Each structure stands twice: as structure tokens, then as C-alpha cells.
Amino acid sequence: MARRGAAALALALALLAVALAGAAAQGAAVEDPDYYVQEIWSREPYYARLEPEPFSPPLPAGPGEEERKLRASEPRAPKKATKPKKAPKREKLAPETPPPGKKSNRKGVKTKSSEKAAGDDHRVPVAREAVREGCPPLGLETLKITDFQLHASTSKRYGLGAHRGRLNIQAGINENDFYDGAWCAGRNDLHQWIEVDARRLTKFTGVITQGRNSLWLSDWVTSYKVMVSNDSHTWVTVKNGSGDMIFEGNSEKEIPVLNELPVPMVARYIRINPRSWFDNGSICMRMEILGCPLPDPNNYYHRRNEMTTTDDLDFKHHSYKEMRQLMKVVNEMCSNITRIYNIGKSHQGLKLYAVEISDHPGEHEVGEPEFHYIAGAHGNEVLGRELMLLLMQFLCQEYLARNSRIVRLVEETRIHIIPSLNPDGYEKAYEGGSELGGWSLGRWTHDGIDINNNFPDLNTLLWGAEDRQNIPRKVPNHYIAIPEWFLSENATVAVETRAVIAWMEKIPFVLGGNLQGGELVVAYPYDMARSTWQMQEHTPTPDDHVFRWLAYAYASTHRLMTDARRRVCHTEDFQKEDGTVNGASWHTVAGSLNDFSYLHTNCFELSIYVGCDKYPHESELPEEWENNRESLIVFMEQVHRGIKGLVRDLHGKGIPNAVISVEGVNHDIRTGNRGLEHASIRGARPSTLMVLG
């Protein structure tokens, strides 16, 4: 994609000013820790001359004898969780804890000074920086670490194998199948372990653990040892003074717990050896490893597969204030095509900001379709939020660079972007950080409501009327009115939900996408199953062929969604429909945004799940942008498919609320309030189109 130096440089300088301001506000270092580490280690003489054979450290004498004895005899499993001995301070997630000024994005982690390295006879290289750098996750949660890189001593069964020992992995609806919620050892004894092969020398700095994701069972590890190796045969245990360090693990199954190594260890393999576990449970755990891969210029495979981006954008996680400042910078850079406005306020009074991108911002042009992206309905699904901020910058930068594709899109479309629909929830997740937020912290609004399923259930009204054969005389098949009970002040409706409804009723959107996280699939309506009490049932809309195309347009241009070789995120394999799924056939929900949009407005809405990891580390954002960039643009371009036109009376005056019916499609649409136009993404023959005044 063509670059124009002046425009890109101007926006880059403006974004740099925002980054510096944010760093100053938080007291954070501006430098990239990963690049800093690589520069330091490239000067080490040992790594400047990599040996052709792997370096294999012998087990140290003394404390190492304990490990040899454990191999010879099998001790009894502990009856209760033993108290960890000289364990480092454990960092548990505490939503109230303010984030320190550290760009490592581990917001819930306190920086601890390095302890004196014990046992130089390890002969395992040890990082000796005066200041500890925060290393990112290796990628167990994001699937960057493949199943073949995970190994374990034993496992109860395949569904509880080492490949399931990933942080935040979720079990299936029916447990005890191929997709369960942790690695679980086949026996409860001190010989069990799970290890990661980093496939290159890595500076390991920490371990994050969880228990087993299960509705019925309580399984977690309460303490463990950490060992490293260069050949997977000879292992060195992390020390604390002269003895093996026992790290304190979990006290329940869902809250992630971080333990930093007292001194970073350099090796290829890292192993976790559970020492105690919950009294009434088993050895089960999910984990993530923090580590900085060391530069390896001689390894072509790694260099070839490392993802880079040429887009000069602000790749970081933004707090609410930083998001607002970034939107202001983009608006100032592209004032002729952008407008910032808000659609309301959150429960805690934060404004719900939107950015409009159009050649005539602030006005609806005849024949120009309205499109929207919404992100952050679940506050902890952060990737969608950051993708929207990146898209906003990208459109501005490319428009200034006169990229013909982007210029055409901006001039022919009125684009609206809401990056954070649930800012209250996001602030909670942001305090926890990308590794320690868990699966649900910040998901709901401040008053505990799931926005995505908080819209009025219009499906039941429609289907009930159809069953009574009251269609179309008494109940329309479109523009179904919102029930009175939903509009009352006592209804359990989030203020954010009411704001979105008012926004969608005001602007005649034609197409929209709401970005979510935790999976990699595009879901299209209906989201609610028609059969009562069915958890999963394929329930298509009358426009099913259009929705399937729209979903495929996004999925097929995503770098990973339609890749048949990719591993499933959690339990569902969506490859049979090329990375798309009918929402009700996946899991039924009443009152979804997709169903409401289809039945109450002219807008065709889809849910786009943009990544397995809801809250990826900051270092992952460039790759995630590359994964989604083309899809985000292609999906917007679909708003121009189908029929466009003006609906007028005999005198040439626009007909407001004219009903447009397509033969064979039991779902009508209407013209706008001014009656001047209608834009539809349907592909219908002119002879089958009827306009009912």
C-alpha cells in the first residue's frame, strides 16, 4: 500500500507526542523493552558465537540430589497444601490497584528488585541487568506457542493434555470431552510436570498460573517449582539462596497469579513442577510464561515467520484519557474528514465517544450509506477497541497520503466508529493488565449488565405473531416496536444500551459490525434459537444468504480465520463454514445487538470475534493489526453492494418511511425519515422490487 512521506511523518510525530504525554502522566519509560533487551544481549560474547550443539548444564550438587531421589522413589501425595518456603511475593489481581507507570502492560505487577543470583554453578546463563525489563508472554494464550511445544509428564486423558494448559482456555459445554479446561496430571504426586519448548534461547522472567476451568470441579496447584534446561534432559531448578525456590500458586481456579523469577534465567525449555495442590482436587493448571526470545540472526525459520508491519501507528493500550487524546490528535490531523461526538454517558459518567469519518462530516448526504463499527461492549475484550483506534489513525493517514482506495471509501461512505462502548468495564480490565485480567474482569458494565445481550427481545414478538398467523396484518416483519416495559425507568437496561438504541434510531445505518474477543469467527443472526429451550439450533433470517456473504467477506480476508491448519481457540472448530457461524447454532442468546438491529432498524449487524486472546499483550498489537486490517476495510466496502436509489412520489418529493419489499424475502425495509433515499446491501432484481407507500 502506497505511503506518502509527509503525511505519514506528520501523523507519526503527532502520535509520538501523545505517547510521550501518556508516558509522562504514568511515569513510564518510553523505550521499547524488547528492542532494548535484544541490543544488550547482542553484545554478549557467548551469544555472538552460538555453538552448533545445545548447551547442556549439569544438575548442581547438593539440592539437586533431592530431584534424583524423587526419580527413584515415589512419595505420597500431600494431604494438604503446604506452606510455600521463601516464596517471592505473589501478585494477585486486585481491581482497585492503580497501574504503575510501566509500558510492559502488566498493570497489576509491582516491580521487584532482583535478588542475588544463587548458584553460579548452574552454568545456565543468567541475565544481570541492573534494572529488570518486563518480558512479554511467550504466547500460550494467543496460540503463538503451538501444541507441539507443550509437553507433560502424564495426563488424565487427551482432553486434559498439555496442549490444554493455556492461560484462560475455556472448557466446552460438556466437560470430559476432547476440549477441557486445563492440563491435569494422570497422577497426583511430586513427579508431575508440564513444560514449554521455546524453540530458541529465551530469557525467562516469570510464570502466570490458573486452576482448571470447570463448572463442577475445583482443581488448582497451590505451589510449584520452576526448572529450566537447554536440552530437555538435564534440568536446573530456580534457586532462592542455597535451596530450591517454592513459588506460591493459586488459591482458587480463575484468578491468574504471577510469580516473577528472582533472577531471569536463559534457556530453551522451562518446566513447572507442582509441589502441592487443593486438598480435594487434582493437579490441574493453566499457565502463561513470560520471556524475551534472544536474537538469533542465524535462524532463518524464526526471522521468516516473525510478523512485522509497515504502518506507522500508535501500537499501545490506551487508557480512557489516552484514547480521548488520540481521537483529538486524529481529528486535528484530518479535520476536514473527521468529527468527534458522543452518544451518551456510561454509568460512571464517562462519555461514549464516536468518530465520524466522511468527506462532509456532520451531515448525511443523499445516496451515501451509513456504516458503523462498535467495539468494547465487553470492557475486557480490548483487542477490538485498539483495532478501532488503529483503524481511525490508518484512515486518516492514508487519506492524507491520497491512497485511492481509502479516498474513495471516505468520500462515498459515512463511517462511524465507537471504540469503547463500555469504558467503565475497560478501566477495570486496564488496571489488571493483559496477563492478569482473567477471563471476565471488566466484561460487564459498572452495574453488572452485559450490554451485548441487553437489547429488547423482538424475536419472540415476531415468532409468536407468525405462529398465530398475525403477519403481516397486526405485527410487521420489520421495524418491530420496542416493548413498553423495556422503555420504563425500572427496566434492567444499561444506560449504555439506551444510548446505542437512540443512536441507531437517529442514524439510518445500512451495515455495522460489533467487535468482540475470545474467539476467531464472524457470527451472523439470528443469535436466538427459535425452538424454546434449545441451546444450539441453526436459526437463519430471511436474509441468510446476504448475512453469510457478509460474514465470509470478513473471514476470508482475515489472515487466520479461514486457515484450516490453525488450532481452535477453545472448543469450537468453525472451519466447516469458513470461519463463520450462525449465532443461534453456536449458543443461543436473547436480546442481542445483531437481532435487535435487524428487527428494529434497516441495519444488517454482525458480531466479529477478532482474536482468541481478549486482551493481548501490547507487543502483539502490530501482528493483530495485520491480521485484521484488510478485513476491516473489505467489510466496510460491502455497504456499497446491492441496491441504491431514491424513493419519490409523482411530484418528485421524497416519501418518508416507504416500505420496500423484495419478493421471496419475508423481511421488509424502509426509507429514511426524510424519504429521500434508501441503500440496501441486498442483491435483488428490479422486477421483484416493490415499494409500498
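**Stop 1: helices H8 and H16**

Select Arg 405, Ile 406 and Leu 409 in H8 together with Glu 630, Ile 633, Val 634, Met 636 and Glu 637 in H16; these two sets meet in the predicted model, where contact means heavy atoms within 4.5 Å. By class, this contact of H8 with H16 has 5 nonpolar, no polar and 3 charged residues. Here Ala, Val, Leu, Ile, Met, Phe, Trp, Tyr, Cys and Pro count as nonpolar, Asp, Glu, Lys and Arg as charged, and the others, Gly among them, as polar.

Next, display the whole of helix H8 (residues 404-412) and helix H16 (residues 621-637): their axes come within 11 Å and cross at roughly 40°. Axes are lines fitted to C-alpha atoms, for helices over the stretch in contact, and angles run from 0 to 180 degrees between N-to-C directions. H8 and H16 are therefore oblique to each other. Angles under 35 degrees count as roughly parallel, over 145 as roughly antiparallel, 65 to 115 as roughly perpendicular and the rest as oblique. The crossing of H8 and H16 is left-handed; that is, the near helix is turned anticlockwise from the far one by less than a right angle, whereas clockwise would be right-handed.

Residues are numbered from 1 along each chain as its sequence is written. The model is predicted, local features need pLDDT of at least 70, side-chain atom pairs count only at pLDDT 80 or more, and totals for chains, interfaces and linings use all residues, while side-chain values use heavy atoms, with hydrogens and water left out.

**Stop 2: helices H7 and H16**

The axes of H7 and H16 come within 10 Å and cross at roughly 70°. H7 and H16 are therefore roughly perpendicular to each other, and H7 passes H16 in a right-handed crossing.

To see the contact, select Leu 383, Glu 386, Leu 387, Met 388, Leu 390, Leu 391, Phe 394 and Leu 395 in H7, which meet Leu 621, Glu 624, Trp 625, Asn 628, Arg 629, Leu 632, Ile 633 and Met 636 in H16. By class, the contact has 12 nonpolar, 1 polar and 3 charged residues.

**Stop 3: helices H6 and H7**

From H6, select Tyr 320, Met 323, Leu 326, Met 327, Val 330 and Met 333; from H7, select Arg 385, Leu 389, Met 392, Gln 393, Cys 396 and Leu 400, and the contact is complete. Its make-up by class is 10 nonpolar, 1 polar and 1 charged residues. An α-helix has 3.6 residues a turn, so residues three or four places apart point the same way.

**Stop 4: Tyr 524**

Move to strand E17 (residues 519-524), in which Tyr 524 lies. At 0% relative accessibility, Tyr 524 counts as buried (buried is under 20% relative accessible area, exposed over 50%, partly exposed in between, with a 1.4 Å probe and protein chains only). The side chain of Tyr 524 makes a polar contact with the side chain of Glu 577 at 3.2 Å. A polar contact is a pair of N or O atoms within 3.5 Å; within protein, one must be able to donate a hydrogen and the other to accept it, and residues adjacent in sequence count only if both atoms are side-chain atoms.

**Stop 5: Asp 180**

Select Asp 180, in the loop between strand E2 (150-152) and strand E3 (183-184). Asp 180 is buried, with a relative accessible area of 0%. The Asp 180 side chain makes a polar contact with the side chain of Arg 212 (3.2 Å). Thr 571 is 391 residues from Asp 180 in sequence and 8.0 Å away in space, C-alpha to C-alpha.

**Stop 6**

Gln 575 is in the loop between helix H13 (544-557) and strand E18 (580-582). This residue is buried, with a relative accessible area of 17%, and its side chain reaches the backbone oxygen of Met 561 at 2.8 Å. Finally, select helix H15 (residues 593-600), where 8 of 8 residues are buried.

**The whole chain**

Zoom out to view the protein, which has 16 helices and 24 strands; helices (H or I, at least four residues) and strands (E, at least two) are DSSP runs, numbered from the N terminus. Buried residues make up 57% of the 693 residues.
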